[in-house]
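Please work through the following exercises with the sequence and the coordinates at hand. Each task is followed by a worked solution.

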Amino acid sequence: MTIDIVTIFPAMVDAALSAGVVGRAIESRVLDVAIHDLRDFTTDRHRSVDDMPFGGGPGMVMKAEPIFRALDAIEAKRGGRLTVLLTSPQGTQFTQAGAERLSKVEHVVLLCGRYEGVDERVRSRVDEEVSIGDYVLSGGELPALVVVDAVARFVPGVVGDDQSVAEDSFSRGLLDFPHYTRPAEVGTDRVPDVLLSGNHAEIRRWRKRESLARTLSRRPDLLETAALDDEERRILEELQKGRRAERQD
Ligand code: 4GX
């Protein structure tokens, strides 16, 4: 897949994309990511990307034409249909399922908004408006980076172990189980015996139970849509029974 990012802070986006598994995937050309400085698509002496809002009021609005010229250039370069995303608090919530769906799209473009937002006419070229959560940021760069990271993990070859992507807690709709590494004892705090037992069936069951217990106590909403197997359903029943008993006394 190809990802084009349009921003007024290309250095910020570039720095973030050079680290970790995503950085390695770009370097090894498993992922084709290009960063475009919106100011390169301006035509005035001051390279203006924003202007005052019609109707008055505080703040500035991103101009439509530099964005249109950037999209035209990307379209010409990619030579196929673009799927244009705008990151904004008005968008539909970005989820793990959304990340997986986007990872199958050939050409994705991320528009990073700044200021009060973009001229409304830009939306005629936007396919999806996505929000990464209900809080206000100072620009769309961090949301775009969040989208790139979550989407890239689904592209074959980006994460070393495909198994770990498939088994990722959120892909299965549950919270993760606890992890431990050496040493087996930190002060008096010991690793659960089962993890040192070598009994892999027991370990698998313990992890399922921990995942389910955490999900039940922290994110019960996830249990409505989680795809549970028979064993998980049985363990969940048990946990719920235990919690009901707890509340009785
Ligand atoms: N999840 N922001 C975008 C400017 C803006 C506003 C409207 C386009 C349309 C955000 C979020 C977020 C702040 C990024 C406003 N651009 N984006 N920016 N939360 O808060 O995605």
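The exercises below treat the ligand site, the surface, the backbone and the salt bridges in turn.

The model is predicted, so local features need pLDDT of at least 70 and side-chain atom pairs count only at pLDDT 80 or more, while totals for chains, interfaces and linings use all residues. Residues are numbered from 1 along each chain as its sequence is written, and side-chain values use heavy atoms, with hydrogens and water left out.

**Exercise 1. The ligand site**

Determine how many residues surround the ligand and which are the closest. Then identify the polar backbone atom that lies 3.0 Å from an oxygen atom of the ligand.

Solution. 

Step 1. The shell holds 20 residues, and the closest are Ser88, Ile132, Gly133, Tyr135 and Leu137.

Step 2. Polar contacts are pairs of N or O atoms within 3.5 Å; within protein, one atom must be able to donate a hydrogen and the other to accept it, and residues adjacent in sequence count only if both atoms are side-chain atoms. A ligand nitrogen lies 3.0 Å from a polar backbone atom of Ile132, and a ligand nitrogen is also 3.0 Å from a polar backbone atom of Tyr135. The ligand oxygen is 3.0 Å from a polar backbone atom of Leu137.

Step 3. The ligand taken alone exposes 460 Å², of which the protein buries 96%. Such areas follow the Shrake-Rupley method with a 1.4 Å probe; for residues, only the protein chains shown count as cover.

Step 4. Helices (H or I, at least four residues) and strands (E, at least two) are DSSP runs numbered from the N terminus. Strands β5 (83-93) and β7 (128-131) each supply at least two shell residues, and β5 gives the most, with four.

**Exercise 2. A nonpolar surface patch**

Identify the residues that form a nonpolar patch on the surface, and classify Met12 as buried, partly exposed or exposed.

Solution. 

Step 1. Patch members have over 30% relative accessible area and no salt bridge; nonpolar side chains (Val, Leu, Ile, Met, Phe, Trp, Tyr) are joined within 5 Å, and like charges within 9 Å. The patch consists of Phe9, Met12, Tyr135, Leu137 and Leu142, with about 440 Å² of accessible area together.

Step 2. Buried means under 20% relative accessible area, exposed over 50%, and partly exposed in between (1.4 Å probe, protein chains only). Met12, in helix α1 (residues 10-17), counts as partly exposed because its relative accessibility is 31%.

**Exercise 3. Backbone geometry**

Find the residue whose peptide bond to Pro183 is cis, and examine the phi angles of Arg29 and Tyr115.

Solution. 

Step 1. Most residues other than glycine have a negative phi, and most peptide bonds are trans.

Step 2. The bond from Arg182 to Pro183 is cis, with omega near 5 degrees. Pro183 lies in the loop between α6 (162-166) and β8 (185-186).

Step 3. Arg29 is not a glycine, yet has a positive phi of about 65 degrees. Arg29 sits in the loop between α2 (20-27) and β2 (32-37) and is exposed, at 76% relative accessibility.

Step 4. Tyr115 has a positive phi near 60 degrees. Tyr115 is found in the loop between β6 and β7 and is partly exposed, at 36%.

**Exercise 4. Salt bridges**

State how many salt bridges a search of the whole structure finds, and locate the partners of Glu141 and Asp230.

Solution. 

Step 1. A salt bridge is a side-chain nitrogen of Lys or Arg within 4 Å of a carboxyl oxygen of Asp or Glu. The search finds 24.

Step 2. Glu141 pairs with Arg114, the closest N and O atoms being 2.9 Å apart. This pair links distant parts of the chain, 27 residues apart: Glu141 is in helix α5 (residues 141-152) and Arg114 in the loop between β6 and β7. Both Glu141 and Arg114 are buried.

Step 3. Asp230 meets Arg233 in a salt bridge of 2.6 Å, N to O. Both lie in helix α8 (residues 230-248), three residues apart, about one turn of the helix. Asp230 is exposed at 59%, whereas Arg233 is partly exposed at 43%.

Step 4. Salt bridges that share partners join Glu202, Arg204, Arg205, Lys208, Asp229 and Glu231 into one network.

Terms used
A residue is near a molecule or strand if one of its heavy atoms lies within 4 Å of it.
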